[in-house]
Amino acid sequence: MTKQAMTHRDAEERRDTLPDDGCPLFSERLEEHLVAASRGETPNRGRFCGDCYTPIGRDTASCPHCGNDTERGRVPVERVPDEITEILRVQRKVESTFVNGFAYLGLLVAVLGGLAIVLGIPYLREHLLAATIVYAAILIVGGRMLAGFLGGYYGDRIGFARARARTVESWQEWVARRSVDAQN
Ligand SMILES: [Zn+2]
């Protein structure tokens with residue numbers, strides 16, 4: 001639970017400085033809106049930037065996130081397209097899959113590493129009680145640390161990179177489809 005919360009906070013911190021990859025998804029405000037809408041806490045209605053779908057005010061002339069001009073650029077929309085919601089759902093799923101996967105890997109390292117340590121010490125091999133205590137300590141402390149470290153650090157970073165790549169790809173497809181639709 002704590003790890004999950006930490007991961008999201010880290011993700012939000014990074015989101016303030018989104019990689020300059022030409023994809024304006026997702027502004028913090030848009031992500032907050034979509035998460036709340038998916039929970040039914042808020043209706044998917046309002047005024048959103050016609051380009052990056054960041055929620056904007058009634059009189060906003062220029063999107064604070066992507067700079068889109070609401071009059072001369074893409075006109076604002078009243079609801080975020082379902083495709084955009086789906087892109088966020090996939091992004092978060094990829095992120096959490098990596099965080100959890102790496103956390104389990106950390107646990108596995110503690111289980112096997114702990115076994116190797118206990119079996120590698122002759123004294124422990126001959127004293128079952130001592131061996132059990134040492135092994136339990138390695139599992140509890142080491143397992144927790146390794147799961148947190150691998151999941152929260154590597155899983156978080158790799159997951160973010162993979163999820164981001166997928167989001168950028170989906171965004172490019174969406175933009176291509178959007179411009180074809182606009183011509184028809
Ligand atoms: Zn925008």
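1. Among contacts between residues at least 6 apart in sequence, 67% join residues at least 24 apart. Two residues are in contact here if their C-beta atoms, placed from the backbone, lie within 7 Å.

2. Basis of the model. This is a predicted model: local features need pLDDT of at least 70, side-chain atom pairs count only at pLDDT 80 or more, and totals for chains, interfaces and linings use all residues. Residues are numbered from 1 along each chain as its sequence is written.

3. Confidence. pLDDT is the predictor's confidence in each residue, from 0 to 100. The protein averages 90, and 89% of the residues score at least 70. Helix H1 (residues 2-15) has the lowest confidence, at a mean of 47. H3 has the highest, at 96. Over residues 1-12, pLDDT stays under 50. The model has 11 contacts beyond four places in sequence for that stretch. Where pLDDT is low, the predicted coordinates should not be read in detail.

4. Overall make-up. From the N terminus on, the elements run α-α-α-α-α. Helices (H or I, at least four residues) and strands (E, at least two) are DSSP runs, numbered from the N terminus. Of the 184 residues, 25% count as buried. A residue is buried if 20 or more other C-beta atoms lie within 10 Å of its own, exposed if 12 or fewer, and partly exposed in between; C-beta atoms are placed from the backbone.

5. The largest core. A nonpolar core is a set of buried Ala, Val, Leu, Ile, Met, Phe, Trp, Tyr and Cys residues joined through C-beta atoms within 7 Å. The largest one has 16 residues. Leu25, Cys49 and Tyr53 touch the most other members. Helix H2 (28-38) and helix H3 (82-120) are the elements that give two or more residues to this core. H3 supplies the largest share, three residues. A second, separate core has 11 residues, including Phe98, Phe102, Ala103 and Ala110. In soluble globular proteins, nonpolar side chains tend to be buried together.

6. Tyr53. Look for this residue in the loop between H2 and H3. Tyr53 counts as buried because 26 C-beta neighbours lie inside 10 Å. Leaving aside neighbours within four places in sequence, Tyr53 is in contact with Leu30, Phe48, Val80 and Ile84. Its phi is near 65 degrees, a positive value in a residue other than glycine.

7. Helix H2. Leu30, His33 and Leu34 are buried in H2. They lie on the same side of the helix because they cover an arc of only 95 degrees around the axis. The arc is that of the directions from the helix axis to the C-beta atoms. H3 is included in what covers the buried residues of H2. Just after H2, Gly40 takes a positive phi of about 75 degrees.

8. A cis bond. The peptide bond from Leu25 to Phe26 is cis, with omega near -10 degrees. Phe26 sits in the loop between H1 and H2. Most residues other than glycine have a negative phi, and most peptide bonds are trans.

9. Leu105. This residue is found in helix H3. Leu105 is partly exposed because 16 other C-beta atoms lie within 10 Å. Leu105 and Leu146 are 41 residues apart along the chain, and their C-alpha atoms are separated by 8.3 Å.
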